[in-house]
Amino acid sequence: MLGDVDPPRRRRTVGAAAQRGLARAARIDEVFALLDAAARDEQAGRLAAALAGYRKALSVDDEAPGAKDAISRIQAQQSGEAFAAVMSRGLAAMADGRAAEARSAFEQALAMRPGSREAQDALDALARSEQARDLQALT
């Protein structure tokens with residue numbers, strides 16, 4: 001109940017919130033300029049620059065609208081791209097008969113995404129390929 005709160009304390013609390021709001025308002029143009037530039041960078045595929053821009057916006061205003069979601073989205077995209085690159089490297093090595101290199105890449109992919117069905121399937125296929133090669137060598 002408002003009547004139970006010490007009036008001077010309530011004024012200090014409201015005053016502090018108002019001060020924070022005024023400080024945010026003073027920086028809003030800079031924040032939106034940073035967010036706009038970061039969004040353009042993201043749209044153009046310049047993900048490192050976009051991340052830097054969104055982080056800069058958050059450093060100016062820790063409540064910069066959409067910045068935290070954008071950072072999460074970009075990091076997920078970068079993680080997916082890194083996983084795909086490692087898997088591609090492993091598949092290329094397996095196709096060229098470089099089993100140790102392929103295994104290393106697939107294990108790296110599995111470390112990036114524990115439980116990944118794709119990475120585990122590739123490791124299983126590599127093991128079957130090596131078994132077939134070993135059997136072929138016996139005949």
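## Helices H2 and H3

In this predicted model, helix H2 (residues 47-60) and helix H3 run roughly antiparallel to each other, because their packing angle of about 155 degrees falls in the range over 145 that counts as roughly antiparallel. The axes of H2 and H3 lie 9 Å apart, and H2 passes H3 in a left-handed crossing.

On the H2 side, the contact is formed by Leu-47, Ala-48, Ala-50, Leu-51, Tyr-54, Arg-55 and Leu-58, while H3 contributes Ala-67, Lys-68, Ala-70, Ile-71, Arg-73, Ile-74, Gln-75, Gln-77, Gln-78 and Glu-81.

## Helices H3 and H4

Helix H3 (residues 67-95) also packs against helix H4 (residues 99-112), with axes that come within 7 Å and cross at roughly 160 degrees; H3 and H4 are therefore roughly antiparallel to each other. The crossing in which H3 passes H4 is left-handed.

From H3, the residues that make this contact are Ser-79, Ala-82, Phe-83, Val-86, Met-87, Arg-89, Gly-90, Leu-91, Ala-93 and Met-94, and from H4 they are Glu-101, Ala-102, Ala-105, Phe-106, Gln-108, Ala-109 and Met-112. Twelve of the residues in the contact of H3 with H4 are nonpolar, three are polar and two are charged.

## Helices H3 and H5

The axes of H3 and helix H5 (residues 117-138) come within 11 Å and cross at roughly 10 degrees, which makes H3 roughly parallel to H5. Here Phe-83, Met-87 and Met-94 of H3 meet Glu-118, Ala-119, Ala-122, Ala-125 and Leu-126 of H5, and the residues of this contact divide into seven nonpolar, no polar and one charged.

## Aromatic rings

Pairs between aromatic rings, by contrast, number zero in the structure.

Technical notes. Residues numbered from 1 in each chain as written. Predicted model: local features only at pLDDT ≥ 70, side-chain atom pairs only at ≥ 80, totals over all residues. Heavy atoms only, no water. Axes fitted to C-alpha atoms, helices over the stretch in contact; angles between N-to-C directions. Helix = DSSP H or I, 4+ residues; strand = E, 2+ residues; numbered from the N terminus. Parallel < 35°, antiparallel > 145°, perpendicular 65-115°, else oblique. Left-handed = near helix turned anticlockwise from the far one by under 90°. Contact = heavy atoms within 4.5 Å. Nonpolar A, V, L, I, M, F, W, Y, C, P; charged D, E, K, R; others polar. Phe/Tyr/Trp six-rings, centres within 6.5 Å; stacked < 30°, edge-to-face > 60°.
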